[in-house]
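Subject: Structure handover

Hi,

Here is the structure we talked about. My notes follow below it.

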Amino acid sequence: MNWSRKWINPVLDKEFRLRMRTPRSAISLLAYILVLGLIALGFIYVTLYLGNNGNQPFNSSAGRMMFYVLSFAQLVLIAFMAPALTAGVISGEREKQTLSMLLTTQQSSATIILSKLFSSLSFMTLIIVATMPIYSIVFLYGGISLKQMIFIFLFYLFVMLLLGALGVLFSTLFKRTMISVIVTYGVGLCIFLMTGLIYLFAMSIVQRHQYALQPGTGTTYSWVGYILGLNPAGALISLFEPSFSKSAFLLRNGNLNSDAPIQLWQEFLLVYTVVIIAAIWISIRRIRPDAGRKFKKRGTQALSMDTGGNDPS
Amino acid sequence: MIDIQHLSKRYGNFDALKDINLFIPEGTVFGFVGPNGAGKSTTMSILATLMLPTSGVAKVDGFDVTQHPKEVRKRIGYMPDFFGVYDQLKTTEYLHFYGASYNIPRAERDQLIPQLLELVNLSDKSDVYVDGLSRGMKQRLCLARCLIHDPKVLILDEPASGLDPRARIEMREILKELKQMGKTIIISSHILPELAEMVDEIGVIEHGQMVAQGRVADIQARLRVKKVLHIRVLEREDELSARLQDEPLVSAVLSDNTGIHVHFGGGDLEQVQLLQKMIAWGYGVVSFHEAQTNLEDVFLEITKGGAVI
């Protein structure tokens, strides 16, 4: 097929083949759907049979609640899966001693990095798409629009891209896959947990300070809300409930007329888009040994000799 | 074809390469000889665009490895000393992957790959997973990979390391074939006899410095490597060994079950005089001949002194 030859470069083709030939991929897919399916069934069981002595009807609000639970569960699963799939893509080649041969081909550094990232993201996307039938249970009861669901899935793609880009970056920077995986999980933990904890801590301090002031003085909104915008869970809730952003920034009750400076999910996208671009750019620059020094050398040459003819690799 | 001028590579305070100069003409098979850590692999990595030199220039077919790495990569086939393979790919898929990575069209690859597999004697393994190949087969497959884009230069770092004698012979035969095809080959090896048969020139590197370079015979002549005379007598071998040690042109005498090995510093005339002397002493000389000095002797002679020639 001509289109596939045009769009699927050799590195991507090889990655797809290698990934789908191992039983690990099928097992991962099965385990993922099983976990999410059990969470969905567990929620239905708790809501229908344990709530209100088994007389609780499964209405639209329960459907919405189930959607939230599934969405958070999915976010946590992505946080565990993405580093595992991406943090070894370059260091793994280095450990298998195949990287040097790959680097002497005509494939550019950008092609290698982007193909590795894209192939990992494709597999994660496959897993996420495979969970859609579980989500369809929600539509039996209503309470969630298709638009909301599409937004949530796009948000997942972005989170996968973020964690994937970080995984590829650390895989490029560290020679050992084990170290790369640990660092990627560490940074993921900071993004998912530390930002939330720092927000709660900072919010409590700022609110205490505000209550000490005379009524009518002080500000309505605080910068503290920006911290929560860095948290994926905060951004996800703001997608469910747009008013959540307002309450994240709000310091005093009763001032709900003003809007939040920015929606949490918008801040999340803006900040982490920069992080993703930086991570991919550094990975491309650093995949080849001495690439950093080469860059400096080129800069120096350009300044001192003003010579051209550098072949970007 | 390969032109290296004042090439140096420094890792922190360690000089891996010190002012290396080397010129390898087109079609030459150049043997890179040196002990472990001498700088062979570093030089080859720089030529393969995998490493930048600290100073100096390295060119392949006129293209500077730091300024035009893409052009250099088109012209080289690089086989590292240690390499892995993608076990989950079949032999032909493996070659297709690298062929596509060198932007060779599919139709061309379909024709090329069976020829390459035939060259490296792997035609019967075309549909086998790489995982199922022996070490020697993987080495040959890697060599086929190096050739997929028909490079002018082959950079082979220890291509026969870890191979059993049969696989080593097979590899040597393939390299001879490549030599006949007119490829410029730069090859490093610890096993000197296997290099001696196929190289046109050698470069001996030690502690990051090129200590000798040129044709093996020329280096031998320049070094004045001592002759080794092999002598066999009918009886009283130990007595003759002791007497030979007192001879002025003899530097060492070794005995084993094949006879006496004499390291002799004289010319042809002195050699004749020594034979006449032994006969005059009354020894029954069965054989008296000059043993062939090989690459190993040259290497040992060069590296023991540490002198640059």
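Strand S3 (residues 29–33) of chain B pairs with strand S8 (residues 184–188) of chain B in the parallel sense, over 4 bridges. Strands here are DSSP runs (E, at least two residues) and helices likewise (H or I, at least four), numbered from the N terminus. Two strands pair if DSSP finds at least two bridges between them. Phe32(B) has Ser188(B) as its bridge partner in S8(B).

S3(B) also runs parallel to strand S9 (residues 201–206) of chain B, again joined by 4 bridges. There, Gly31(B) is bridged to Ile202(B).

This is a predicted model: local features need pLDDT of at least 70, side-chain atom pairs count only at pLDDT 80 or more, and totals for chains, interfaces and linings use all residues. Residues are numbered from 1 along each chain as its sequence is written, chains are lettered from A and ligands numbered from 1 in written order, and side-chain values use heavy atoms, without hydrogens or water.

S3(B) is mostly covered, with 5 of its 5 residues buried (under 20% relative accessible area; exposed is over 50%, partly exposed in between; 1.4 Å probe, protein chains only). Val29(B), Gly31(B) and Val33(B) point one way, Phe30(B) and Phe32(B) the other. In a regular strand the side chains alternate between the two faces of the sheet.

Best wishes
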